[in-house]
Amino acid sequence: MHRPSTRLCGALIVAALGARAGEAAAQDFGVGPQREPTLTTSRLGLETSWASFNLPNNQGDYNRGEYFGLTVRGDMKLARNVGLRVLVPMYLLQLDGQSASNSFGDAALRARFLLLDANPWRFYAGLEQQLPTGNTSIGTGQGGLQFSPFITGGWRKGSVVVYASVAESIGLHPRWGTGRLEPVDYVDPSSDHEIRSNFGVIGEIAEPLYVNGALTAITLLEPADVGKTLLIGGAALGYVVSEDFKLVLVGQLPIAGEHRFEQRIGLNAYLYF
């Protein structure tokens with residue numbers, strides 16, 4: 001039987017690779033006894049990120065810059081098979097040759113439901129809604145709603161989890177097409193219609209440590225860019241400080257396709273209660 005600290009540490013690693021809809025966590029697939037809860041316990045987290053980028057603006061040119069992000073994350077276990085997540089991000093954005101700006105980013109709500117729990121398989125489905133709380137004037141928001149239905153599945157053997165997920169992201173921007181320039185979102189430059197798929201493996205290094213490797217593919221579905229795909233590689237290391245406190249170090253690099261960032265790293269902390 002795996003101890004609770006080991007089981008929970010694995011849960012943090014994949015979750016720390018990003019807050020995108022459909023991303024998995026180790027406890028989603030029962031790392032630990034099958035009778036353990038199938039959704040994470042309630043927790044509060046602080047997720048930090050730093051990234052550099054060189055992205056097109058709405059003037060037909062490119063802007064190089066970097067940002068530092070701090071996201072407050074709350075996870076609530078509503079029932080054994082229902083979980084709710086709230087994300088509220090803030091950013092300090094620096095474009096080359098300009099003064100730094102700070103503002104909120106787009107907040108997100110996510111609901112997830114357990115569909116199948118048959119050892120060693122588990123499947124989930126859910127919906128994430130991104131809200132237009134970011135500042136489009138400086139580049140920390142998209143100026144519209146974004147809906148992302150997703151499904152996640154995984155297989156486990158002992159402390160090893162192999163998982164995959166797929167999400168369809170659909171953006172609604174009522175002001176676009178009215179003659180106004182489309183806002184540029186430097187912290188999350190997604191398109192209005194895309195498929196996001198994720199594949200990864202989690203394994204235990206030692207009693208307090210888990211490591212995860214993941215590959216994310218983002219495929220555009222907009223008419224002018226159908227089939228264009230961006231590949232992103234990610235890795236994370238989780239460390240159990242205590243039964244109620246965990247730390248996760250994460251990193252991501254683009255592998256192929258049109259890059260949305262040059263490199264991204266983060267250090268996250270989670271408190272369980």
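# Pockets, salt bridges and rings: worked exercises

The second largest pocket has a volume of about 240 Å³. This is a predicted model, where local features need pLDDT of at least 70, side-chain atom pairs count only at pLDDT 80 or more, and totals for chains, interfaces and linings use all residues. Residues are numbered from 1 along each chain as its sequence is written, and side-chain values use heavy atoms, with hydrogens and water left out.

**Exercise 1. Find which residues lie closest to the centre of the second largest pocket, and sort its lining by class.**

*Step 1.* Start with the term: on a 1 Å grid over the protein atoms alone, a pocket is an open set of points where a 1.4 Å probe fits, with protein on both sides within 12 Å along at least five of seven lines; lining residues have an atom within 4 Å of a point. A volume is the space filled by probe spheres set on the points, which are joined across faces, edges and corners.

*Step 2.* Of the 17 lining residues, Leu95, Ser137, Ile138, Gly139 and Tyr186 are the closest to the centre of the second largest pocket.

*Step 3.* Sort by class (Ala, Val, Leu, Ile, Met, Phe, Trp, Tyr, Cys and Pro are nonpolar; Asp, Glu, Lys and Arg are charged; the others, Gly among them, are polar). The lining of the second largest pocket has 6 nonpolar, 11 polar and no charged residues.

**Exercise 2. Describe the largest pocket in the same way.**

*Step 1.* The largest pocket holds about 760 Å³ of space.

*Step 2.* Its lining has 27 residues, with Pro56, Pro189, Ser190, Ser191 and Glu258 nearest the centre.

*Step 3.* By class, the lining of the largest pocket has 9 nonpolar, 9 polar and 9 charged residues.

**Exercise 3. Examine the salt bridge between Arg85 and Asp75.**

*Step 1.* Recall the rule: a side-chain nitrogen of Lys or Arg lies within 4 Å of a carboxyl oxygen of Asp or Glu. The side chains of Arg85 and Asp75 meet at 2.9 Å, N to O.

*Step 2.* Arg85 is in strand E3 (residues 82–95) and Asp75 in strand E2 (residues 62–79), so the bridge ties together parts 10 residues apart in sequence.

*Step 3.* The whole structure has 10 salt bridges.

**Exercise 4. Classify the ring pair of Phe53 and Tyr186.**

*Step 1.* Rings of Phe, Tyr and Trp (its six-membered ring) pair if their centres lie within 6.5 Å; planes under 30 degrees apart are stacked, over 60 edge-to-face and the rest tilted. The count comes to 4 aromatic pairs.

*Step 2.* The centres of Phe53 and Tyr186 are 5.2 Å apart and the planes are at 15°, so the pair is stacked.

*Step 3.* Phe53 lies in strand E1 and Tyr186 in the loop between strand E8 (160–172) and E9, so the pair ties together parts 133 residues apart in sequence.

*Step 4.* Both Phe53 and Tyr186 are buried. Ring pairs link Phe53, Tyr67, Tyr91 and Tyr186 into a cluster.

How values were computed: Helices (H or I, at least four residues) and strands (E, at least two) are DSSP runs, numbered from the N terminus. Buried means under 20% relative accessible area, exposed over 50%, partly exposed in between (1.4 Å probe, protein chains only).
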